[in-house]
Amino acid sequence: LKPNIPGRVQICRFYALGPYLDWGLSIDDITTAIKTGAKMLGDTNEPTISFHKDTRLLIAVGEPSKLDIIDSVLKALQPPANASVWQNPPKSTQQGGEQNKR
């Protein structure tokens with residue numbers, strides 16, 4: 001964790017990345033987009049982020065307003081609500097590499 005700077009509140013947020021990973025994005029794709037956005041804003045106090053492999057969670061620590069960029073990136077990466085990609089089971093639960101046909 002970053003040391004708490006007087007006058008600045010830092011929080012911790014967790015982001016479930018399973019659907020994004022199952023869709024074919026990589027952790028690097030996601031974190032690069034977050035870091036690029038922060039850099040383009042000229043942000044010198046970007047959030048600290050770490051990926052927890054076992055739970056497939058992105059863990060972020062920083063000022064609440066600085067964590068908004070993560071929310072924005074994940075929202076932008078979501079396919080349309082009617083896209084079937086979010087309705088498919090995770091790759092790790094599929095049997096034999098093929099989905100059941102209806």
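Of the 15 residues in the largest nonpolar core, which touch the most other members? Let us walk through this predicted model together and find out.

1. **The core.** Five residues touch the most other members of the largest nonpolar core: Tyr 15, Leu 17, Ile 34, Ile 70 and Leu 74. The core has 15 residues, and the elements that give two or more of them are α1, α2, β3 and α3. Helix α3 gives the most, with five residues. If you have the structure open, these five names are a friendly place to begin.

2. **Helix α2, end to end.** Helix α2 covers residues 27–40, which makes 14 residues. From its first C-alpha to its last, α2 reaches 20 Å, close to the 20 Å expected at 1.5 Å a residue. After α2 comes Gly 42, whose phi is positive, near 75°.

3. Which residues of α2 are buried? They are Ile 30, Thr 31, Ile 34 and Ala 38. Looking down the axis of α2, you will find these buried residues within an arc of 90°, so they line one face of the helix. On the other side of α2, Asp 28, Lys 39 and Met 40 are exposed.

4. **What covers α2.** The cover over the buried residues of α2 includes helix α1 (18–23), strands β2 (48–52) and β3 (57–62), and helix α3 (64–77).

5. **Arg 13 and its two partners.** How many salt bridges are there in the model? The count comes to three. In one of them, Arg 13 pairs with Asp 68, and the closest N and O atoms are 3.8 Å apart. This pair links distant parts of the chain, with Arg 13 in strand β1 (residues 11–16) and Asp 68 in helix α3, 55 residues apart. Arg 13 also forms a salt bridge with Asp 71, where the closest N and O atoms are 2.9 Å apart. Here too the pair links distant parts of the chain: Asp 71 lies in helix α3, 58 residues from Arg 13 in strand β1. Through shared partners, Arg 13, Asp 68 and Asp 71 are joined into one network.

6. **How open is that network?** Are its members buried, exposed or partly exposed? Arg 13 has a relative accessibility of 25%, so this residue counts as partly exposed. Asp 68, at 39%, counts as partly exposed, and so does Asp 71, at 34%.

7. **The salt bridge of Asp 22 and Arg 56.** The side chains of Asp 22 and Arg 56 meet in a salt bridge, at 2.7 Å from N to O. Asp 22 lies in helix α1 and Arg 56 in the loop between β2 and β3, so the pair ties together parts that are 34 residues apart in sequence. Asp 22 counts as partly exposed at 21% relative accessibility, and Arg 56 is partly exposed with a relative accessible area of 24%.

8. **The other neighbours of Arg 56.** Which residues does Arg 56 contact, leaving aside its neighbours within four places in sequence? They are Tyr 15, Ala 16, Leu 17, Gly 18, Leu 21, Asp 22 and Phe 51. Arg 56 and Tyr 15 are 41 residues apart along the chain, and their C-alpha atoms are separated by 8.5 Å. Gly 18 meets Arg 56 in another way: the backbone oxygen of Gly 18 lies 3.1 Å from a polar atom of the Arg 56 side chain.

9. **A buried glutamate.** Glu 63 lies in the loop between β3 and α3. Why does Glu 63 count as buried? Its relative accessibility is 18%, and buried means under 20%. Leaving aside neighbours within four places in sequence, Glu 63 is in contact with Arg 8, Val 9 and Gln 10.

Methods:
Residues are numbered from 1 along each chain as its sequence is written. This is a predicted model: local features need pLDDT of at least 70, side-chain atom pairs count only at pLDDT 80 or more; totals for chains, interfaces and linings use all residues. Side-chain values use heavy atoms; hydrogens and water are left out. Helices (H or I, at least four residues) and strands (E, at least two) are DSSP runs, numbered from the N terminus. The expected span of a helix is 1.5 Å times one less than its number of residues. Buried means under 20% relative accessible area, exposed over 50%, partly exposed in between (1.4 Å probe, protein chains only). The arc is that of the directions from the helix axis to the C-beta atoms. Contact means heavy atoms within 4.5 Å. A nonpolar core is a set of buried Ala, Val, Leu, Ile, Met, Phe, Trp, Tyr and Cys residues joined through side-chain atoms within 4.5 Å. A salt bridge is a side-chain nitrogen of Lys or Arg within 4 Å of a carboxyl oxygen of Asp or Glu. A polar contact is a pair of N or O atoms within 3.5 Å; within protein, one must be able to donate a hydrogen and the other to accept it, and residues adjacent in sequence count only if both atoms are side-chain atoms.
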